Amino acid sequence: MNASSRIPGFYKLDPDSRFRKIVEVSGLPAEHLHAMRHTDAGMASIADRMIENAIGTIAIPLGVAANFLIDGRDHLVPMATEEPSVVAAASNAALVARERGGFHTSSMAPVMIAQVQVLDVADPQAARLRLLEARDELLALANAQDPLLVELGGGARDIEVRLVESADFRAVVLHLQVDVRDAMGANAVNTMAEALAPRIAAIARGRSLLRILSNKADLRLVRVRAVFDADKLGGEAVVEGIVEAYRFAAADPYRAATHNKGIMNGISAVVLATGNDTRAIEAGAHCHACRDGRYTSLSHFEKDADGHLVGSLELPLALGLVGGATRTHPTAQAAVKLLGVRSANQLAEITAAVGLAQNMAALRALATEGIQRGHMSLHARNVAVAAGAAEHEVAALAARLAADGHVRQDRAQQLLAELRAGA
Ligand code: MEV
């Protein structure tokens with residue numbers, strides 16, 4: 001960079017002018033940065049409305065997973081991910097689950113929690129009871145903030161009051177529980193929490209500080225289960241291997257983090273494709289994996305009486321259909337239309353099914369041939385292209401490279417020359 005990153009009024013510029021400014025300030029040739037702009041002017045202006053200081057967009061591949069039979073209905077599931085093999089693995093696992101009825105789901109009411117932190121309370125035990133006595137007043141005040149939500153059948157449902165203490169911290173924390181219907185709910189509950197905080201502080205006779213939703217959305221759990229046919233999986237040994245792989249994750253946080261990452265490969269891809277908040281979902285999921293004080297697997301795998309593999313998964317999924325990028329991003333809107341969902345809960349149930357499928361597919365690969373072979377065949381295609389293979393030569397060269405076991409560019413060039421010489 002050849003100038004200061006301090007650019008007064010940068011935010012007031014339009015995306016094109018911002019881009020020119022960035023080129024100027026960075027000192028880089030414009031062509032090095034061109035890929036950051038979006039050629040589609042419409043998309044650039046949508047980006048400009050969605051975030052601050054936008055100069056363009058980054059395109060992430062959007063795939064569609066097939067074969068998903070969920071609660072007796074078929075779904076094509078849009079998935080946005082930069083990782084190869086994810087969409088194929090989910091589709092394959094869904095095909096195996098289909099054989100035995102597909103995925104079965106259930107979910108709790110879409111209730112989110114907002115926290116109001118109250119400090120400097122002299123009598124926290126009594127303050128807790130004073131707040132609980134004011135439950136109806138507080139719920140009415142909360143609901144007055146969002147008459148539309150109430151009209152739609154949602155609204156504040158209950159309160160909980162916790163005393164949170166550590167060596168250097170003591171607070172009375174009120175949880176407001178709100179049924180947010182088809183929203184992710186952050187805006188609705190944050191508005192209510194901010195409106196309630198002065199009254200809560202007055203009742204507790206303390207000072208309110210934070211007023212914000214909790215991403216530990218454990219009143220909004222989604223559950224999914226599926227039976228994976230033993231024969232389709234490759235037999236008894238494969239079922240055993242998957243159960244052993246699961247037990248490793250259940251016992252060891254080092255393995256559980258990777259195991260759960262495999263689940264989130266599927267979940268985050270649907271979350272992103274539908275314009276939802278990937279960080280909120282990841283935070284909620286990993287916190288749930290640690291709910292008993294020890295980080296463990298979010299899913300379970302066992303063998304049923306007939307020897308088939310049974311997978312189950314339960315996690316919080318705070319997903320919305322209204323508001324946020326789901327409403328403003330045209331691709332997210334199209335993704336929601338393709339899914340054909342009518343409620344945020346239904347979206348969450350489909351998303352959880354993809355998480356379970358993704359998890360099972362990863363464990364199956366890991367417990368059998370390992371994941372590198374699948375990755376290597378995709379990698380081989382990329383190396384074949386980089387070595388100069390023409391479109392009609394890519395498949396043959398990639399196959400030779402993968403069989404050869406040395407997926408490197410020098411070897412690819414050698415094999416390409418042999419291929420062209422008719423060897
Ligand atoms: C890679 O993105 C995901 C896996 O590591 C998941 C797992 O190990 O279970 C394959």
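Which helix gives the most to the lining of the largest pocket? Select H3, with five residues there. Helices here are DSSP runs (H or I, at least four residues), numbered from the N terminus.

First, some ground rules. This is a predicted model: local features need pLDDT of at least 70, side-chain atom pairs count only at pLDDT 80 or more, and totals for chains, interfaces and linings use all residues. Residues are numbered from 1 along each chain as its sequence is written, and side-chain values use heavy atoms, without hydrogens and water.

**Stop 1: the largest pocket.** Its space is about 1,200 Å³. A pocket is an open set of points on a 1 Å grid over the protein atoms alone, where a 1.4 Å probe fits, with protein on both sides within 12 Å along at least five of seven lines. Lining residues have an atom within 4 Å of a point. Select Met50, Gly275, Asn276, Ala325 and His329: of the 37 lining residues, these are the closest to the centre.

**Stop 2: the second largest pocket.** Its volume is about 630 Å³. Select H15, which gives the most to this lining, nine residues.

Stop 3: Select H11 (253-273). H11 supplies the largest share of the shell around the ligand, six residues. An N or O atom of Glu83 is 2.6 Å from a ligand oxygen. For Lys261, the distance is 2.7 Å. For a polar side-chain atom of Asn265, it is 2.9 Å.

Terms used:
Polar contact = N/O pair within 3.5 Å; in protein donor to acceptor, adjacent residues only side chain to side chain. Helix = DSSP H or I, 4+ residues; strand = E, 2+ residues; numbered from the N terminus. Points joined across faces, edges and corners; volume = space filled by probe spheres on them.
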